[in-house]
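Student: I'm new to this one. Could you take me on a close look at the place where the two chains meet?

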Amino acid sequence: MSIPEAHLPQSLPLAQVLAELEQLFRSPAEHAKARKLARLFASGLRQMSHEDLLQEAATALLDGRRSWPTGFHTLAVLKGVMQSIAYNARKKQKRDYALAGDLGAPSDEDTEDEVSDLAEGKSPETDPARIAEADDELAAARRAVGEDPQLVALLEAMAAGFRGKELPEVLDMDAKTYDAARKRLSRRLAELKKDRSTP
Amino acid sequence: MSNINGDKPENERFLDALVEELRSMNDTEALEGEDPEELLKTGERILQSAKAEAGRKRRERAKQQLSLVAGRGAQAFETTAVAKARAYLREQSSSQQFTLAARGLEEMSDSDVMVLYNQLRTLERDSGQAGEESTE
C-alpha cells in the first residue's frame with residue numbers, strides 16, 4: 001500500500017538547512033547546547049572529538065547524505081545525525097580493537113594508549129574500560145554522574161521517558177533543587193570529552 | 001522507576017529528554033563554563049569547513065553520476081546497434097541477394113551478430129563499388 005504524499009516526511013531545502021546551521025553556529029548559546037550534546041555522543045570515541053562530530057554532522061546535512069525533516073528543531077536533527085555517526089564510529093572502533101586483539105599487534109590506527117595497553121597484555125575485548133567506552137550514550141552519562149543520588153535518579157527518570165516539567169514532579173524535587181541538579185548534570189556531561197577534545 | 005514509554009529503548013528516551021532539557025535551557029545556563037568569543041570563532045570555523053567539505057562531496061557525487069550516465073549511454077547505444085544489426089540481418093536473410101544462415105540468427109551472440117553484420121556491410125559496399133566500376 002502506498003503512503004499518501006501528504007503523510008511523507010518533507011525535508012528542508014539546502015538553502016534553509018544552511019540558514020539553520022548558520023543560526024546555530026553563529027549563536028554562542030545555541031552552539032554551546034549543541035556542543036553539550038556532541039560531547040555526550042563523542043565520549044568513548046578515540047578517533048573523533050566532539051568538534052569533529054559536530055562538523056561531520058553539519059557536512060552530512062549540507063551535502064545531502066542526511067535530510068532535515070521539516071518542523072524539527074536543530075538540536076533534535078543534530079541528535080539523530082550525530083547519534084548515527086557516533087554509532088558507526090563506535091562499531092568501527094570495536095572492530096579495530098577486535099582485529100588488534102586477534103592479531104596480537106596494534107593496527108596502524110592505534111593510538112599511543114592502545115599500543116601501551118597491548119604491550120601490557122591487555123586485550124581490548126576483555127578490558128572492562130575499553131568495553132565500557134564503547135557503550136551507548138546513557139551508559140556514558142551514567143558513568144559521568146557517578147554515585148550522585150539526585151543525578152542518578154534524574155537520569156533514570158529521563159530514561160524512563162519523563163520529560164520537562166514531569167521530571168521535578170516525579171523526582172519529588174522543588175524547583176530550586178531540580179534546577180541545581182540540572183546544572184550539575186550539564187556540568188558533568190560537559191566534562192565527558194574535555195580531556196580528549198583539547199589537543 | 002516505571003516505564004511510561006515502552007516502545008522506545010531507554011537510551012532513546014534519555015536522549016529525547018536531554019534534547020528537550022537543552023532546548024529549554026536559558027543562554028546563561030548554556031554558556032556556563034564556555035567562552036562566547038571562542039564559541040563564535042569555533043562555530044564559524046566548523047561552518048566554513050562543513051560548507052567546503054559538503055561542496056567537495058557534492059561535486060564528487062555529481063562527477064560519479066555523470067560518468068554513470070555516460071556509461072549507461074554507451075551501453076544503450078551498443079544495445080541499439082546490436083538490435084539494428086539483427087533486424088538488418090533478418091531482412092537480408094529473407095532476400096535472395098545473399099546466402100545467409102538465418103536460422104541461427106536468434107541464437108547468435110551479440111558479438112557474432114556484429115561481426116556478421118560488418119562483414120555483410122563490407123561485402124555490400126565492395127559489390128556496390130564493383131558494380132559501379134563495371135558500368136564505367
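Tutor: Let's start with who takes part: chain B brings 45 residues to the contact and chain A brings 55, where contact means heavy atoms within 4.5 Å. Before going further, note that this is a predicted model, in which local features need pLDDT of at least 70 and side-chain atom pairs count only at pLDDT 80 or more, while totals for chains, interfaces and linings use all residues. Residues are numbered from 1 along each chain as its sequence is written, chains are lettered from A and ligands numbered from 1 in the order in which they are written, and side-chain values use heavy atoms, with hydrogens and water left out.

Together the chains bury about 4,700 Å² between them, with 61% of that given by carbon and sulfur atoms; buried area is the accessible area (1.4 Å probe) that two parts lose on being put together, summed over both.

Now for the charged pairs. Side chains of opposite charge can pair when their charged atoms come close. Between chain B and chain A there are 13 salt bridges, each one a side-chain nitrogen of Lys or Arg within 4 Å of a carboxyl oxygen of Asp or Glu. On chain B's side of the contact, the elements giving two or more residues are α1 (10-24), α2 (27-30) and α3 (36-94). Of these, α3(B) gives the largest share, 18 residues. (Helices, H or I, of at least four residues are DSSP runs, numbered from the N terminus.) Sorted by type, that side of chain B has 18 nonpolar, nine polar and 18 charged residues. Here Ala, Val, Leu, Ile, Met, Phe, Trp, Tyr, Cys and Pro count as nonpolar, Asp, Glu, Lys and Arg as charged, and the others, Gly among them, as polar.

Have a look at Glu51(A). Its side chain meets that of Arg45(B) in a salt bridge, 3.2 Å from N to O. Glu51(A) sits in helix α3 of chain A and Arg45(B) in helix α3 of chain B, so this pair joins two chains. Arg45(B) has a relative accessible area of 44%, so it is partly exposed; buried means under 20%, exposed over 50%, and partly exposed in between (1.4 Å probe, protein chains only).

Glu51(A) also has a partner in its own chain: Arg35(A) forms a salt bridge with Glu51(A), again with the closest N and O atoms 3.2 Å apart. Arg35(A) counts as buried because its relative accessibility is 8%.

Finally, the chains themselves. Chain A has 11 helices and zero strands, and chain B has four helices and zero strands. In chain A, 45% of the 199 residues are buried; in chain B, 25% of the 136 residues are.
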